[in-house]
Amino acid sequence: DEVLADFSAGVEKTTGRKITDQTPDKMWQRILSKAGFFQNLSEMENAQTLWTYLCNGAKMNKFSKRITILTGTPMTCKKQVTREKKKWVKNHIESLTSTTDAEIIVDTIVTQSKDKYKWSGPNKILIDDNYNNCSIWSKCGGIAIFYQNENIERAIYELDRLTTMKKEFSVALPKFDRSEISEYEFDSSDNTVLIDSAESVFPDT
């Protein structure tokens, strides 16, 4: 959300109000009552630019060729939201990737926003518009890029810098013991990029 998929525009189109002009409860009630809300979201203006950069970086072995869309889901209607978000990725990301490079593998993980940190670890890069998600991701040993106001130039600059210095980042240690957060078993495969595709809540759609 707000990285690849334009959640804010979708909310305004569906409810007739901006996110800031309605309570969270009312907003979620309105959008979840509309079937197909998530799968019909439009792309962010620079979504294809960011995705193309990541795919090109993977082909140059800057990143893993397996790129994960890590997106959030609300507490209710989880099956509906998961189904719609996976359809969005298939229509907008998998179709684009299949026409440009068969080497790239796209995974989609739909989880509650508060649980995104479970996929953190050394050399795991998260691109997310939610500062709290980025903060806890970093505390769990991963690398986070705060994607604020769709600042594509800044995100690409940070990704270039990180891949140039990746040996230093690969040995970064968590700022605290992960067992204090969860018993989840972390996957520490190298240079994996995770994009937040959740509504303001992993490259979020």
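Phe 7 and Phe 38 are both buried, where buried means under 20% relative accessible area, exposed over 50% and partly exposed in between (1.4 Å probe, protein chains only). The model is predicted: local features need pLDDT of at least 70, side-chain atom pairs count only at pLDDT 80 or more, and totals for chains, interfaces and linings use all residues. Residues are numbered from 1 along each chain as its sequence is written, and side-chain values use heavy atoms, leaving out hydrogens and water.

Rings of Phe, Tyr and Trp (its six-membered ring) pair if their centres lie within 6.5 Å; planes under 30 degrees apart count as stacked, over 60 as edge-to-face and the rest as tilted. The count by this rule is seven aromatic pairs. The ring centres of Phe 7 and Phe 38 are 6.3 Å apart and their planes lie at 15°, so this pair is stacked. Ring pairs also join Phe 7, Trp 28, Phe 37 and Phe 38 into a cluster.

Helices are DSSP runs (H or I, at least four residues), numbered from the N terminus. The axes, lines fitted to C-alpha atoms over the stretch in contact with angles from 0 to 180 degrees between N-to-C directions, come within 10 Å for α1 (residues 7-15) and α2 (residues 24-32) and cross at roughly 80°. The two helices are therefore roughly perpendicular, a term for angles of 65 to 115 degrees.

| Residue | Relative accessible area |
|---|---|
| Cys 55 | 4% |
| Cys 140 | 0% |

The structure holds zero disulfides, a disulfide being a pair of cysteine sulfur atoms within 2.5 Å.

Terms used:
Angles under 35 degrees count as roughly parallel, over 145 as roughly antiparallel, 65 to 115 as roughly perpendicular and the rest as oblique.
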